[in-house]
Amino acid sequence: MRSKIKFSIIAGIVLLFFVGLFVAYRLLFTAPQSQEEKVVFIVNRNQTETQILDKLKSQGLIRNEVAFKMVLFFKRKQIASGGYDVSKNMSAWQLASKLTASPDLKWVVIPEGFRKEQIGELLAKTFNWSNDELDKWNTVYTKMKIDYTEGTYFPDTYLIPVNENGLDMANRMTRNFDEQFAPYLSQFAEQNIKWTTGLKLASIIQREAAGKDDMPIIAGILWNRLNTGMNLEIDATVQYARGKTDTGWWAPVTTDDIKNIDSPYNTYENKGLPPFPICNPGLDAINAVLNPAETDCLYYLHDSNRQIHCAKTFEEHQANIEQYLKN
C-alpha cells in the first residue's frame with residue numbers, strides 16, 4: 001500500500017514537472033500568434049543584444065526576452081546588423097534560426113568623397129557581385145543620365161535588400177540625392193549658379209578639405225581663381241583623371257602626372273571646371289559652395305596637422321610651403 005502511495009506521489013510529481021515544462025514552453029518559446037504576419041525586423045548598426053531583445057519584444061516577435069536569450073545561447077551565434085524577413089507566427093527557435101543566418105537586407109555606408117568606382121567596389125564586396133555586375137555599375141548603371149554620371153550617388157547609410165540589382169541601387173542613391181539636393185536648387189538659382197556647376201565645385205571641395213571647417217575657405221579660394229581666370233590647379237582632379245593606382249584611387253599626384261595626363265580633368269593644364277564632379281560630396285561641401293568665406297587668398301595648403309594655411313600671392317604660398325611642408 002505504501003509503495004503504491006509512494007509511486008503515485010512520484011508519478012504526480014513527474015506529471016506536474018512535465019506539465020510545467022509544457023506550460024512554460026507554451027508561454028515562453030512558442031510563436032506570439034498563430035496567424036502569419038510578415039514584417040521586416042531591422043537590427044541597427046552597433047545595436048546591443050539587450051537592445052535587440054527589447055525591440056523583438058516590443059514588436060511582438062517574441063514572448064519573453066530571457067527565454068529568447070537562452071535560445072540564442074544554445075544557437076551559439078550572434079545576430080548581425082541588417083534587415084530580416086520574419087513573421088509573428090515563428091517560434092523562438094525558428095526566429096533565432098532566421099536571425100542568426102545571413103540578413104535579407106544589409107547596411108551599406110557610403111562615405112563622403114567616394115568616387116562612383118569606389119562605391120561600386122564597396123557594393124560588390126557587400127553583395128558578392130560578379131565582375132560583370134561591377135563593370136555594369138561603372139559603365140551602364142551610372143551613365144543612364146548625363147548629369148548623373150558622377151556626384152549624385154549620395155553618401156549616406158543605406159539598408160539594401162540583398163536581391164536588389166546594381167541598377168536599382170544606383171537609382172536608390174540618385175533618388176536620395178534628389179531629395180537631399182532639392183532645397184539647394186533655388187539657392188543656386190538665386191546666385192545664378194547652375195546646379196551642375198555647384199556640384200562640381202562641391203566635389204572638389206570635398207576631396208580637398210581636411211574637414212568641414214575649412215570647406216568655406218577653400219570654396220572662397222576656388223571662386224577667386226575662377227573669377228580671375230586662373231587655372232584651378234587642383235591635385236584631386238588629376239587624381240580622378242589618373243584613376244586607381246597600386247596604393248588606391250587617391251594617391252598623391254606627381255609632377256609627371258600633372259605634365260603627362262592629358263585629360264579635361266587636369267585642371268593644371270585646362271581652365272575652368274572639369275566636365276563632371278570628381279566624387280560624391282556631402283551637404284557640408286554643397287553648403288560651402290553657396291556660402292564661401294570672404295577671402296583675398298588664391299592659394300592654400302594643409303600642414304602635417306591638417307591645418308589649412310592660405311596665401312594671397314604665389315610668393316606667400318611658397319613661404320608657407322617652406323614653413324609648413326619642408327620642416
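How many aromatic pairs does the ring rule give here? The count comes to 12, where rings of Phe, Tyr and Trp (its six-membered ring) pair if their centres lie within 6.5 Å. Before you click around: this is a predicted model, so local features need pLDDT of at least 70 and side-chain atom pairs count only at pLDDT 80 or more, while totals for chains, interfaces and linings use all residues. Residues are numbered from 1 along each chain as its sequence is written, and side-chain values use heavy atoms, with hydrogens and water left out.

Select Tyr148 and Phe177. Their rings pair edge-to-face, 6.2 Å centre to centre with 90° between the planes (over 60 degrees is edge-to-face, under 30 stacked, the rest tilted). Tyr148 sits in the loop between α6 (131–139) and β4 (157–161), and Phe177 in helix α7 (residues 166–190), 29 residues apart. Those elements are DSSP runs numbered from the N terminus: helices are H or I with at least four residues, strands E with at least two. Phe177 is buried at 3% relative accessible area, and Tyr148 is buried at 14% (buried is under 20%, exposed over 50%, partly exposed in between, with a 1.4 Å probe and protein chains only).

Trp195 lies in helix α8 (residues 195–208), so the pair ties α7 to a part 18 residues away in sequence. Trp195 is partly exposed, at 23%.

Last stop, charges over rings (NZ of Lys or CZ of Arg within 6 Å of the ring centre and within 35 degrees of the ring normal). Lys145 lies over the face of Tyr148, 4.1 Å from the ring centre. Elsewhere, select Arg76: its charged end sits over the ring of Phe73, 5.2 Å from the centre.
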